[in-house]
Amino acid sequence: MNVATIYIPAALGLCALTGALTGHLAARHFYALLTLALLIRGTADFLQGNPLLTATDAALTAFYAWRWWKNGGGDDTKRRLRRLTRRFTPTRRTAPTTG
């Protein structure tokens, strides 16, 4: 096991936890750092062939990404998607008939 695959996610998680407990880190940034840490760890577990740890890290990554999205982290993305949908005008087209 590579040392970087252990210490980088642990350092990110520890920084996120410390920042959240001291009040210097907003909830959306806390969840973003945890998502990144678990994504790195899950990738390393996948490359090392650990299916149980990979599945666990994937589930936790999805959970924290969802929490990030719900706590305002996805606001810019949501705004861009809304802007794209405003420009979209649906057009109904019928299939050509052969006679």
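Biologist: What covers the buried residues of H3?
Modeller: The cover includes H2 and helix H4 (75-87). Helices here are DSSP runs of H or I, at least four residues long, numbered from the N terminus. This is a predicted model, where local features need pLDDT of at least 70, side-chain atom pairs count only at pLDDT 80 or more, and totals for chains, interfaces and linings use all residues. Residues are numbered from 1 along each chain as its sequence is written, and side-chain values use heavy atoms, with hydrogens and water left out.

Biologist: Thanks! Which residues of helix H3 are buried?
Modeller: H3 covers residues 51-73, and its buried ones are Thr54, Asp57, Thr61, Tyr64, Gly72 and Gly73. Buried means under 20% relative accessible area, with a 1.4 Å probe and protein chains only.

Biologist: Which residues make up the largest nonpolar core?
Modeller: Tyr64 is in it, together with Ala16, Phe30, Tyr31, Leu34 and Leu38, 6 residues in all. Such a core is a set of buried Ala, Val, Leu, Ile, Met, Phe, Trp, Tyr and Cys residues joined through side-chain atoms within 4.5 Å.

Biologist: And which helix gives the most to this core?
Modeller: That is helix H2, residues 27-48, with 4 residues.

Biologist: What does Phe30 touch?
Modeller: Leaving aside residues up to four places away in sequence, Phe30 touches Ala16, Leu17, Ala20 and Leu25. Contact means heavy atoms within 4.5 Å.

Biologist: How far apart are Ala37 and Leu52?
Modeller: They are 15 residues apart in sequence and 17 Å apart in space, C-alpha to C-alpha.

Biologist: Zooming out, how many helices and strands are there?
Modeller: The protein chain has 4 helices and 0 strands. Its radius of gyration is 20 Å, well over the 13 Å that the globule rule gives for 99 residues, so the chain is more spread out than a compact globule. That radius is taken over C-alpha atoms, and the rule is 2.2 Å times the number of residues to the power 0.38.

Biologist: What does the C-alpha trace span?
Modeller: About 70 × 35 × 15 Å along its principal axes.

Biologist: Last one: how many of the residues count as buried?
Modeller: Of the 99 residues in the protein chain, 21% do.

Technical notes:
Helix = DSSP H or I, 4+ residues; strand = E, 2+ residues; numbered from the N terminus. Buried < 20%, exposed > 50% of the residue type's maximum accessible area, 1.4 Å probe, protein only.
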